[in-house]
Amino acid sequence: MSEIVFLGTAGGRMVVANQIRKSGGMWLDLDGNAILLDPGPGCLVRCVELGLKPSRLDCIVLSHRHIDHSNDVNIMTEAMSGGGFKPKGMLIAPWDCLEGNDPVVLKYVRKYIRNNVFALKEGAKYRLNGVSIEGALRLKHSDVESYAIKFRFENKTLGYIADTKYFDGIGEAMKDCDYLIINMVRITYDDRFQHLIPGDVEKVLKVAKPGMAILNHFGMQVVKAHPRDIAFRIEKTTGVKTIAAEDGMRLKLDRARAEEDSTLERFIK
Ligand SMILES: [Zn+2]
């Protein structure tokens, strides 16, 4: 059984800094493989709180280097490898997370996973047992490398559109997703931060037409406007089943793309 556990749903500096929503990224269990996606601040603590054992992890993936996506990458890499005593696992991250002037992945920690560190790029594909992890599209997000990612498993595709401003081509690149997670940080566009807003999400969904869209990574504007209400409006406008992630939400990935029902959300607590 495959599922996503949303460790936290905070996006944007103020929601993260004040923990108005929890942060920490997503734990994916795909066909028996445990993958950590964007381990932001609090990831380790949230895993323990939710009964998820970091030593079970097989892989950590970063979409980009911003602190709300990468803060806990080092401690989670250490924890994945049993404190470095049981080297295993892999790490996939954009080049600027690994090299350049200011890498976010510490070099000594890489030894704990036998330097199984790979660059995320558009078109790159990495294999983890039955799961394919693919750099689907280079996004446009301030001055960092940010990517949309696809996870293919059990004849299904889970897509993830990380932080980006809108541009034509996102919807086309994410066309074949059964599930599509979209980071929607703001309500109004601000070029200083370069994030998707609800109107952008609608444009993406009208082209991508996933089986289900899951909104995530909410900044203060979105929290105040109630993510569930926004999801409801987006679903009405696009015809795409759309939900808003909640802290601790578990989403089972057991449906074929065309199926639809409204009993998908289950909360750990
Ligand atoms: Zn970012």
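Some ground rules to start. Residues are numbered from 1 along each chain as its sequence is written, and side-chain values use heavy atoms, with hydrogens and water left out. As the model is predicted, local features need pLDDT of at least 70 and side-chain atom pairs count only at pLDDT 80 or more, while totals for chains, interfaces and linings use all residues.

Let's go to the metal. Which residues coordinate the zinc ion? They are His 64 through NE2, His 66 through ND1, His 141 through NE2 and Asp 163 through OD, at 2.2 to 2.4 Å. Donors here are N, O and S atoms within 2.8 Å of the metal (3.2 Å for Na, K and Ca), and water is not among the atoms, so sites may look incomplete. Along the chain, the donors of the zinc ion are spaced H-x1-H-x74-H-x21-D. His 66 and His 141 link distant parts of the chain, 75 residues apart. His 66 belongs to the loop between strand 4 (59–61) and helix 3 (67–70), and His 141 to the loop between strand 8 (131–138) and strand 9 (147–153). Helices (H or I, at least four residues) and strands (E, at least two) are DSSP runs, numbered from the N terminus.

Is His 141 buried or exposed? His 141 is buried, at 2% relative accessible area, whereas His 66 is partly exposed at 24%. Buried means under 20%, exposed over 50%, and partly exposed in between (1.4 Å probe, protein chains only).

Now the rings. Rings of Phe, Tyr and Trp (its six-membered ring) pair if their centres lie within 6.5 Å; planes under 30 degrees apart are stacked, over 60 edge-to-face, and the rest tilted. That rule gives two aromatic pairs. Tyr 108 and Tyr 112 are edge-to-face, with 6.0 Å between centres and 90° between planes. Phe 118 and Tyr 126 have centres 5.2 Å apart and planes at 35°, so that pair is tilted. Within it, Phe 118 is partly exposed at 28%, and Tyr 126 is buried at 19%.

Finally, how far do we trust this? pLDDT is the predictor's confidence in each residue, from 0 to 100. The protein's mean is 94, and 95% of its residues reach 70 or more. Over residues 258–269, though, pLDDT stays under 50. Where pLDDT is low, the predicted coordinates should not be read in detail.

Terms used. Contact means heavy atoms within 4.5 Å.
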